[in-house]
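Subject: The two-chain model

Hi,

Here is the structure I promised to pass on.

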Amino acid sequence: MERILFGDNQFFGVNHASDEKSREQLIKFKKDETIIKTLDIAKAAGVNTFMCTTYDRIANICEHIRNHPEKYVGYKIYPCMPYAHKYANAVTELGILGALKAYMPRNIFTTALKGGMAYLSEDHEKMMELLIDAEMKMFHGVDTPVIFLQNVVTDLLLGMKAYGMLAAFHGYVKKKYKAEAGFITMNLPLLSSVLENLGIEQPIICASINKEGFRMSGGRSLYEKVIAEKKNKVIAMQIFGGGFINADDAIEYIKSIEGIDSILFGASTSDNINRTIQQLNI
Amino acid sequence: MEHKIRLGLIGLGKMGISHLAIAGGNENIEVVGVCDTSKLVAGFIEKQTPFKVYDDFRLMVKESKPDAVIVSVPTKYHSEIIEELLDSHIHVFSEKPLTLDAAISQRLAEKAELLGLVNQVGYHNHFIGTFEEMCRLIDKKVMGDLYHFTAEAYGPVVTKEKDSTWRSKPEEGGGCLYDYASHVIDLVNYALGEIKQVSGIQLKKIYSKDVEDAVYGTLHLNSGLSGILSVNWSDEAYRKMSTKITVQGKNGKLIVDATELKLYLNGAVKGETYERGWNTVSIGMLQDQVDFYLRGEEYTAQLDYFVDCIKKKKTGEHNRFRDAAKTDHAIEMIRKSK
């Protein structure tokens with residue numbers, strides 16, 4: 001993994017500090033060209049990995065990368081799945097079964113498997129594999145060496161103690177996509193001990209790590225202790241706490257923590273991108 | 001080791017599953033049983049998790065002997081289940097709204113209080129730092145005498161004409177009024193005062209056939225203050241539910257959502273750090289961190305509060321049945337006035 005990874009929240013109006021900023025960003029990045037232009041600014045500054053949620057629009061970015069192979073030599077995408085609000089809104093409206101039906105590949109419910117759902121409902125690993133394949137379709141021909149499970153799913157499985165599913169995700173991503181599994185979480189200490197007990201060595205964990213302890217469940221000092229043990233490959237995200245932590249302080253803190261392998265950040269303007277990369281690199 | 005609260009869950013829809021995961025991540029809780037009639041969900045819990053699954057809540061209560069139960073079944077089943085749980089001397093956390101009949105909600109509140117049982121409803125906005133600060137600012141009259149408010153929520157739940165579930169049936173507690181709007185109405189009751197009367201109500205169908213997708217109207221409070229309610233769950237311009245309260249007073253204006261608090265003051269107020277003009281505070285500066293996070297600190301915080309009340313044998317001050325009964329009453333007024 002590279003030291004600095006470029007994130008996608010700013011492109012899709014995900015802003016944990018302000019709904020208003022979120023709307024401004026949605027307007028700014030309405031066109032795919034604007035996203036591509038911004039990715040290219042980060043690329044020119046030496047950041048060759050884009051970590052993104054599996055929104056429908058990412059398919060267009062992948063298409064662009066496939067169409068310009070000479071420009072994107074060595075460029076990597078780390079997909080993060082699923083885009084949870086899509087499912088959550090569907091569950092509120094259609095119920096759990098209805099939502100699954102809406103997003104499962106269509107052929108399962110037609111001729112191939114009569115009573116497909118009843119059959120599938122007993123094979124949870126298989127159901128997850130089908131959902132992973134559906135989300136991975138758009139990335140064909142693009143280098144995706146790490147595939148992430150979004151925090152809402154990681155933490156849901158963690159809380160429900162459905163540990164086997166975490167192991168199944170890890171195993172399937174390796175087998176089918178020759179990729180490493182990554183886990184995004186808001187509960188790093190708990191996840192770290194669970195993955196260790198599952199026998200998963202040096203798992204990739206992406207978590208909020210910042211000076212103010214924002215979204216660091218269990219507290220900052222426990223995080224620092226677990227990270228220092230170096231049992232995981234750690235990616236720090238939300239280093240600015242979603243925007244309320246002073247940028248210089250945030251960067252000084254994150255650079256002082258030993259055991260962090262990579263730092264994920266996103267920004268919309270060329271100035272912010274270049275300045276942050278420069279500060280992180282010093 | 002300290003005694004853990006023995007918790008049961010009835011209903012494993014979106015909220016039930018979320019509660020289960022949060023309870024599973026809580027060191028003060030032992031989940032002793034979960035109950036759902038859906039084979040799909042029950043099958044998953046049975047095979048993939050260590051929790052004991054039932055398809056009959058009475059059997060679950062009898063066998064697993066919970067101290068407390070979370071009820072997150074469709075609203076029309078709430079009253080019957082909650083009544084039986086209270087009769088069995090079990091503390092109850094219910095999803096919102098409490099019931100479809102304000103008189104029944106009030107009776108359940110009285111019963112729970114008489115029996116000394118902790119009773120709480122899942123209006124989670126009370127546990128969001130920005131809304132908590134909003135309540136403090138209103139109580140301290142920082143914006144001066146209030147003359148108007150706007151209470152809004154928008155989101156993309158129903159954005160196409162589709163198959164029906166219980167959420168598309170008004171008699172089962174479906175529709176935007178019982179869902180999105182109940183949160184906003186509850187926030188008004190909690191932060192600004194009890195709703196006495198409603199007027200100019202419009203319940204609009206947009207994509208749904210049998211239920212409203214939007215609720216608009218005027219709310220009149222006991223205090224004499226009035227304001228606008230505007231809620232729409234068919235608004236695709238929003239990525240997820242967004243709730244916003246704007247309060248206007250003679251000394252300023254307050255705009256609050258789950259991410260940010262913005263306060264304009266005509267003049268500074270003694271004892272407050274807010275300055276004249278615009279002040280903005282991000283949720284990161286107002287929210288206490290939790291021990292296990294899923295979807296938002298407030299979901300964990302409300303369950304922590306429930307468990308804390310049980311442990312300390314206190315009735316609690318947030319989201320009691322009696323508060324939720326007031327919200328059910330306002331919902332009833334809105335439904336009847338159309």
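Lys178(A) counts as exposed because it has 9 C-beta neighbours inside 10 Å. For the terms here, a residue is buried if 20 or more other C-beta atoms lie within 10 Å of its own, exposed if 12 or fewer, and partly exposed in between, with C-beta atoms placed from the backbone.

Before going on, please keep in mind that this is a predicted model: local features need pLDDT of at least 70 and side-chain atom pairs count only at pLDDT 80 or more, while totals for chains, interfaces and linings use all residues. Residues are numbered from 1 along each chain as its sequence is written, and chains are lettered from A and ligands numbered from 1 in the order in which they are written.

Back to Lys178(A): its phi is near 50°, a positive value in a residue other than glycine. Lys178(A) sits in the loop between helix H8 (163-177) and strand S5 (180-185) of chain A. Helices (H or I, at least four residues) and strands (E, at least two) are DSSP runs, numbered from the N terminus. Lys230(A) also has a positive phi, about 55°, although it is not a glycine. You will find Lys230(A) in the loop between helix H10 (220-228) and strand S7 (233-237) of chain A, and it counts as partly exposed because it has 13 C-beta neighbours inside 10 Å.

Most residues other than glycine have a negative phi, and most peptide bonds are trans. One joins Met81(A) and Pro82(A), with omega about -10°; Pro82(A) is in the loop between strand S3 (76-81) and helix H4 (84-103) of chain A. Another runs from Lys96(B) to Pro97(B), with omega near -15°, and Pro97(B) is in the loop between strand S5 (91-94) and helix H5 (102-114) of chain B.

**Around strand S4 of chain B**

In S4(B) (residues 68-71), Ala68(B) and Ile70(B) point one way, Val69(B) and Val71(B) the other, and all are buried. S4(B) pairs in the parallel sense with strand S1 (residues 5-10) of chain B over four bridges, and strands count as paired if DSSP finds at least two bridges between them. Leu7(B) stands opposite Ala68(B) in that pairing. S4(B) also runs parallel to S5(B), joined by four bridges, with Val69(B) opposite Val92(B).

**Helix H1 and the chain contact**

Helix H1 (residues 14-24) of chain B is largely enclosed by the rest of the structure, because 10 of its 11 residues are buried. Among the buried ones are Met15(B), His19(B) and Leu20(B). The buried residues of H1(B) pack against helix H7 (151-159) of chain A, together with S1, strand S2 (29-35), S4 and helix H9 (297-311) of chain B.

Where do the two chains meet? Overall, 40 residues of chain B are in contact with 43 residues of chain A, contact being C-beta atoms, placed from the backbone, that lie within 7 Å. On the chain B side, H1, helix H2 (39-48) and helix H8 (283-286) each supply at least two of the touching residues. H2(B) gives the largest share of that side, seven residues.

Happy browsing, and do write back with any questions!

Key. Two residues are in contact if their C-beta atoms, placed from the backbone, lie within 7 Å.
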